[in-house]
Amino acid sequence: MNAGIVAYGSYVPKLRITPEEIGRVWGKDGKKVGQSLGVKEKAVAAFDEDTATISVEAARNAINDFGIDAKKIGAVYVGSESHPYAVKPTSSIVAEAIETGNDYTAADLEFACKAGTAGMQACAGMVNSNMIEYGLAIGSDTAQGKPNDALEFTAGSGGTAFIIGKKPKEIIAKINHTCSFTSDTPDFWRRQHAEFPEHGGRFTGEPAYFRHVHSAAKMCMDKMKRKPKDYKYAVFHQPNGKFPLKVGKMLGFTDKQLEQGLMTPLIGNTYSGSTPIGLASILDVAKPGDKILAVSYGSGAGSDAFDLTVTKNITKKRAKVSVRKLIENKEYVDYAIYAKNRKKLKTL
Amino acid sequence: MVEGSPSLGWRNYSQRYNLAGNECKTCGKHFFPAVALCPTCRRKGKLVETKMPMEGRLLSYSKVFVGPVGFEMDAPYHLGLVKLQNNVKILAEIVDTPENKIKIGSKVRKVFRKIHSEGETGTISYGYKFRVV
């Protein structure tokens, strides 16, 4: 495969709420819940933010920081499970805002938390086959969690945009291989018109997250004939702070390989943005020659795995503001302000 | 902006998404929103589309406690008069900024935000707001 990441940009909303504050409202020990989930706080989209605004900010950061000519972007895919419209693409709003012109193909993707990485695969395929020069793939969400549900402690907001290209002098992380492990597994879903998703509790663990992430990671490593020790970094989908560390251990990775990409403890599970934001955080510090394994997970269910090698171009081009710096700009809100911003009050 | 039809919003995308205004090549003055005729050069003026800068400084601001139709639920919010780097003045909402950081002279940067939603079933309007940096 000749394609690789030529640019990336992230955006995380400023507002934060802690598990303690959520627990206070529902009579739960939020601190304990947060500890058990491995989440210290989560990012909350403001009243006037949604998947489109997050995607635009992330895409603009990628374009501006890496000097990409937006007119050369031939495909725009936005992966999310919180698209602002049921019918009308987020991707065309993003393309209009970054001024790609009209010579591009676009679609909104939805596959629970892995739609962003599915977009990366689609772009890589189109770039590789010379259909397009650049492809823009975004994973972005304003994740919904039903009040007083376990998900409410983790469902966060944020996103990352990747621009995929194939010019060797531009590629900062070459995609050596990508593969997916997919099955029909009903562990988490949201029906048409339903406001919040439902989930299968413990069923979301072993037969869902762990089976798919583990299998896709193994498939990818076997294909590349690599062992966990060959990778400098790994990022696995982060529904909470515990699952990625556990699946990493099952595969033979150390916590040290995972910690740079582990963002959920600080911003919550940004669903389609989760693995992309973790990968962006790794690219913020990676050095030429570093190998990265990135494996997303989307309920329903599937995992996309990527084997990447960081190139020497990364020494010249990186995001101007790292993900970890970006999330330092924050403001804590109480549950009432959170409920207002996330429109959990029916009159809004 | 609030009561506009989808087609009205569509016609203004470049203005709302990317601050596209125009510049008179004869006198060098910038305009936002775009003007049909340079008020100084009149027929001798040559207008070309140009983008406004992303940054500027707060000239003045006000806290709105009772929003107009379409913005009732946004209140309270801050409305700022921003002087962009090319001296064009623009009125916009100031977001993501604690109240004590909103001051005359504060440096601000444009952000892409939702402006208004036509109820639960209508179109969503996006556009510019600013935040103190």
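Predicted model: local features only at pLDDT ≥ 70, side-chain atom pairs only at ≥ 80, totals over all residues.

Trainee: Why is A:K114 called buried?

Mentor: Its relative accessibility is 5%, and buried means under 20%, so A:K114 counts as buried.

Trainee: Where in chain A is A:K114 found?

Mentor: A:K114 is in the loop between β5 (105-109) and α5 (115-128) of chain A. Beyond its neighbours within four places in sequence, A:K114 is in contact with A:S296, A:Y297, A:G298, A:G302, A:S303 and A:D304.

Trainee: Now the interface. What makes B:R113 and A:E49 a salt bridge?

Mentor: The closest N and O atoms of B:R113 and A:E49 are 3.1 Å apart. The cut-off is within 4 Å, so the pair qualifies by that definition. Across the interface of chain B and chain A, the rule finds 4 salt bridges.

Trainee: Which element gives the most to the side of chain B that touches chain A?

Mentor: That is β7(B), with 5 residues. By class, this side of chain B has 10 nonpolar, 4 polar and 8 charged residues.

Trainee: How many residues are in contact between the two chains?

Mentor: On chain B there are 22, in contact with 23 residues of chain A. Together the chains bury about 1900 Å², with 49% of it on carbon and sulfur atoms. B:M73, B:F112 and B:K114 supply 30% of the area that chain B buries against chain A, more than any other three residues.

Definitions and conventions
Residues numbered from 1 in each chain as written. Chains lettered and ligands numbered in written order. Heavy atoms only, no water. Helix = DSSP H or I, 4+ residues; strand = E, 2+ residues; numbered from the N terminus. Buried < 20%, exposed > 50% of the residue type's maximum accessible area, 1.4 Å probe, protein only. Contact = heavy atoms within 4.5 Å. Buried area = accessible area lost by both parts, 1.4 Å probe. Salt bridge = Lys/Arg side-chain N within 4 Å of Asp/Glu carboxyl O. Nonpolar A, V, L, I, M, F, W, Y, C, P; charged D, E, K, R; others polar.
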